[in-house]
Amino acid sequence: MKKNSTNGLMTLNFWRVCVANLLLFTSVYMLFPLLPFMMGQQLGIPVTQTGGMFLAFAAALFVVGPFHAYLGDAYKRKNVFLYSMLVMLAATLGYAFVDSYPKLLLLAFVQGGCFGLATTAGITVAIDITTSARRSEGNVIYAWAARLGMLVGVALGVWLYRMYGFRMMAYLSVAIGLLSMFLVSRVYVAFRAPMGMSLCSVDRFLLPRAWLPAANVMLIAFVPGVLLPLMFTGDYWSLLALAVLAFVTVPFTRMFVKLSYHCQRGTANTTCQLSMEAGLLIGVAVSCRMMDVTAIYHVAMTAAIFSIFFFVLLTYPYCKKKRVRRQ
């Protein structure tokens, strides 16, 4: 299929990129509940130390962020996704063989950076193949695919680990990632001449106008993040928390889009996604550091209550006042 024959949203190309996004998040998130414990056993270090890998993952998202716009402009966006995914999957495979803590942090940093590049490139591709009048709607559907991928990945990862063990689960994670790459390789993206973007830019990375809702999303995502490692012990409340995060952050995606000016919808979506990822990863790291179930629940409950007051008193009035578009 070389081009979209209609102005509709539900084209084959759009479905391919949405399913690829779902598989990308499934591939990554199926490892998250297990990595702190499996890496602790593999390296002979406490779980309180392995949690640092999630901070390295989160830091990498911000380090590569300023280069998103340049890479997407200088190279084909689809190629940025494919090559980033290839390196990310190599890092994923490395978890099965890593033998030292510094190497673990390096793998997490590489995986996080490539994941950030792949997710942003995917958002750009999804927008490029969607007609202008349907891009806000397309952003929401694409965001739903990511949230569903998170939920499926976490549940699938725990089940596969109990059935087949960690190494086989890592192999299956890579296989799912390869399927995501295949789907994106089948997406037709029309050629666009380079615009000469600067090497470092906040375009396609951060929407400054959305700093307040971004902080709110980080706080909300912190809750399922801090509960996530408990799945390893058979406590599945984090699945419910993640499900709530699928439903809660999608309206936030609309808020981010409404705060964006023309041609900033991709940046808005990336900012929302980055905020969610950062909050969730910080939550996992904090949970690993605490390793006290009662304290973890107290922290999660406090963060959940605070995030509600944050939204009612700060985020909602701010977005209502600063929005620049109705849809």
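This is a predicted model: local features need pLDDT of at least 70, side-chain atom pairs count only at pLDDT 80 or more; totals for chains, interfaces and linings use all residues.

Colleague: Which residues line the largest cavity?

Modeller: The lining includes Leu61, His68, Phe115, Thr119, Phe205, Gln273 and Glu277. Helix H7 (101-128) and helix H12 (265-290) each supply at least two residues of this lining.

Colleague: How many nonpolar, polar and charged residues does the lining of the largest cavity have?

Modeller: There are four nonpolar, six polar and one charged residues in that lining.

Colleague: Let us turn to the open spaces. What is the volume of the second largest pocket?

Modeller: Its volume is about 330 Å³. The second largest pocket is lined by 16 residues, of which Ile220, Val223, Ala241, Val244 and Ala304 are the closest to its centre.

Colleague: Which helices supply at least two residues each to the lining of the second largest pocket?

Modeller: They are H10, helix H11 (237-258) and H13. H11 gives the largest share, with seven residues. By class, the lining of this pocket has 15 nonpolar residues, one polar residue and no charged residues.

Colleague: How do the axes of H10 and H13 cross?

Modeller: One reads the distance between the axes together with the angle. The axes of helix H10 (residues 211-227) and helix H13 (residues 293-322) come within 9 Å and cross at roughly 160°. An angle over 145 degrees counts as roughly antiparallel, so H10 is roughly antiparallel to H13. The crossing of these two helices is left-handed.

Colleague: What classes of residue make up the contact of H10 with H13?

Modeller: The contact has 22 nonpolar residues and three polar ones, with no charged residues.

Colleague: How is the exposure of methionine 291 classed?

Modeller: The relative accessible area is compared with two cut-offs: under 20% is buried and over 50% is exposed, with partly exposed in between. Methionine 291 has a relative accessible area of 41%, and is therefore partly exposed.

Technical notes. Residues are numbered from 1 along each chain as its sequence is written. Side-chain values use heavy atoms; hydrogens and water are left out. Axes are lines fitted to C-alpha atoms, for helices over the stretch in contact, and angles run from 0 to 180 degrees between N-to-C directions. Helices (H or I, at least four residues) and strands (E, at least two) are DSSP runs, numbered from the N terminus. Angles under 35 degrees count as roughly parallel, over 145 as roughly antiparallel, 65 to 115 as roughly perpendicular and the rest as oblique. A crossing is left-handed if the near helix is turned anticlockwise from the far one by less than a right angle, and right-handed if clockwise. Ala, Val, Leu, Ile, Met, Phe, Trp, Tyr, Cys and Pro count as nonpolar, Asp, Glu, Lys and Arg as charged, and the others, Gly among them, as polar. On a 1 Å grid over the protein atoms alone, a cavity is a set of points where a 1.4 Å probe fits but cannot get out, and a pocket is an open set with protein on both sides within 12 Å along at least five of seven lines; lining residues have an atom within 4 Å of a point. Grid points are joined across faces, edges and corners, and a volume is the space filled by probe spheres set on the points. Buried means under 20% relative accessible area, exposed over 50%, partly exposed in between (1.4 Å probe, protein chains only).
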